[in-house]
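I opened the notebook to record what I looked up about backbone angles, aromatic rings and the surface. The entries follow in the order in which I made them.

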Amino acid sequence: MSRISPLNWPVVRQLRDGDAFARGRSTESRKSATMQGRIVEADRVVKSVCPYCAVGCGQNVYVKDDRVIQIEGDPDSPHSRGRLCPKGAASEQLVNATNRVTEILYRAPRSTEWQRLDRDRALDMVADRFMEARRNGWQDTDDQGRPVRRTMGIAGLGGAAMDNEENYLIKKLFTAAGAIQLENQARI
């Protein structure tokens, strides 16, 4: 039979093979019969959670040669049951983006250049500024002399990209530091 014969058309093959609903081998082309999924080549599968919103959908991250090759929904996840939204399904592009920043960059005030920082120095800078803002905005008492023991120098804004546990811990941290200006994207 020639390659362009009408007998080779998928609909004709369906009818000839008794596959009226196109769910059998009659709808497969030679090319699709030899194809295999990207996940077949993976060295290992790592369980993860989607980074985009607070739902926390489970993900299976397929790794080959220490590089992510595919991310799919985890069917073992109790609430997402293997499904991902379009952003979660495209998170492999986030991981493998060529322009992804993978180191800590700092631009000093009034500077036009970015400089690389190591993690310890960056964390020390954040902690120093946090404590200085807390100290500079501290109030022991209000205008009427009532004890308030709070700081107005720190505010926090949580977001949907963090899950409930992260938002809970951030709220505890800011409250323990004396901050009262705390808000979350979910309330706004």
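I began at the end of helix 6, where G178, just after the helix, takes a positive phi of about 95°; helices here are DSSP runs of H or I with at least four residues, strands are runs of E with at least two, and both are numbered from the N terminus. I noted that this is a predicted model, in which local features need pLDDT of at least 70 and side-chain atom pairs count only at pLDDT 80 or more, while totals for chains, interfaces and linings use all residues. Residues are numbered from 1 along each chain as its sequence is written, and side-chain values use heavy atoms, with hydrogens and water left out.

I then checked the span of helix 6, whose 13 residues reach 18 Å from first C-alpha to last, close to the 18 Å expected at 1.5 Å a residue (the expected span being 1.5 Å times one less than the number of residues).

D65 has a phi near 55° and lies in the loop between strand 2 (58-64) and strand 3 (67-73). R81 has a positive phi of about 45°, and its place is the loop between strand 3 and helix 3 (86-89). D65 counts as exposed because its relative accessibility is 61%, and R81 is exposed at 56% (buried is under 20% relative accessible area, exposed over 50%, partly exposed in between, with a 1.4 Å probe and protein chains only).

I looked for aromatic pairs and found 1 (ring centres within 6.5 Å, using the six-membered ring for Trp; planes under 30 degrees apart are stacked, over 60 edge-to-face, the rest tilted). F130 is partly exposed at 23%, whereas F174, at 14%, counts as buried.

Last, I looked up W114, which is found in the loop between strand 4 (104-106) and strand 5 (115-117) and is exposed, with a relative accessible area of 56%. The charged end of R107 sits over the ring of W114, 5.7 Å from its centre (the criterion is NZ of Lys or CZ of Arg within 6 Å of the ring centre and within 35 degrees of the ring normal).
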